[in-house]
Amino acid sequence: GGLTVTVPAEDAGPGAVAVLVHEDGTRETIRKSVAADGVMSIPLSGSATVEIVDNSKDFSDVSSESWAADAVAFASAHELFNGTAPAAFTPAAPMTRQMLMTVLARLDGEDTSGDAYGKGMAWATRRGISDGSNPTGTVSREQLAAMLYRYAGASAGYGDLSRFADSEKVSAYAREAMSWAVEQGILTGKAGNLLDPAGQATRAEVATMLHRYILAMYS
């Protein structure tokens with residue numbers, strides 16, 4: 001069975017990550033490791049040699065004052081998804097469905113080397129996360145919430161959507177997932193007290209919701 005080890009890590013920032021050191025010297029990023037409240041929580045399947053490292057990346061288009069800075073640092077340090085160029089993250093660019101499926105596959109420990117999108121989509125359809133349709137289409141905020149909801153295996157959501165000005169615009173299929181995302185603090189709304197369910201999920205927004213999801217589920 002699995003276990004979660006907590007290690008004191010008072011100075012660990014969002015770019016800190018646990019790395020599994022195998023007997024042959026190879027290293028593997030533990031993508032569900034997360035630092036919060038002065039400790040690093042590390043899911044393991046047995047005895048292991050682990051190091052905590054700062055795997056932060058520098059992106060010229062994400063300043064330290066950006067609202068998404070911590071989430072971008074977390075997503076890239078955990079190798080869920082990286083920049084669009086050596087020094088660029090392109091935070092305002094939309095995320096496609098195949099990109100998101102690949103990111104979630106990596107979070108789950110799937111090897112996506114080689115044909116990353118093909119492997120990510122195969123994993124997502126096998127797990128019931130997505131039906132794999134329209135892979136190059138952009139992901140909406142409610143679609144992102146729905147995929148996270150399915151991945152989490154959640155069975156209900158109790159967040160109050162009615163407090164948002166555009167709650168009636170949430171699609172019927174996504175209402176429970178959006179309610180769950182609000183309840184867990186994964187989705188907090190946008191300026192004007194809006195959920196913007198049909199709005200495109202940008203790379204920065206995906207990084208932010210993933211960061212919040214992993215903090216909620218694994219810390």
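In this predicted model, Lys-190 forms a salt bridge with Glu-205 in which the closest N and O atoms are 3.7 Å apart; a salt bridge here is a side-chain nitrogen of Lys or Arg within 4 Å of a carboxyl oxygen of Asp or Glu. Lys-190 sits in the loop between helix 5 (175–183) and helix 6 (203–218), while Glu-205 belongs to helix 6, so the pair ties together parts that are 15 residues apart in sequence. Helices are DSSP runs (H or I, at least four residues), numbered from the N terminus. Residues are numbered from 1 along each chain as its sequence is written. Because the model is predicted, local features need pLDDT of at least 70 and side-chain atom pairs count only at pLDDT 80 or more, with totals for chains, interfaces and linings using all residues, and side-chain values use heavy atoms, leaving out hydrogens and water.

Lys-190 also forms a salt bridge with Asp-196, where the closest N and O atoms are 2.9 Å apart. Glu-205 is buried, at 12% relative accessible area, whereas Lys-190 is partly exposed at 34% and Asp-196 is partly exposed at 25% (buried means under 20% relative accessible area, exposed over 50%, partly exposed in between, with a 1.4 Å probe and protein chains only).

Elsewhere, Asp-108 pairs with Arg-127 in a salt bridge, with the closest N and O atoms 2.9 Å apart. Asp-108 lies in the loop between helix 2 (97–107) and helix 3 (116–127), and Arg-127 in helix 3, so this pair ties together parts 19 residues apart in sequence. Asp-108 is partly exposed at 30% relative accessible area, and Arg-127 is partly exposed at 38%. The count comes to 9 salt bridges.

Terms used. Helices (H or I, at least four residues) and strands (E, at least two) are DSSP runs, numbered from the N terminus.
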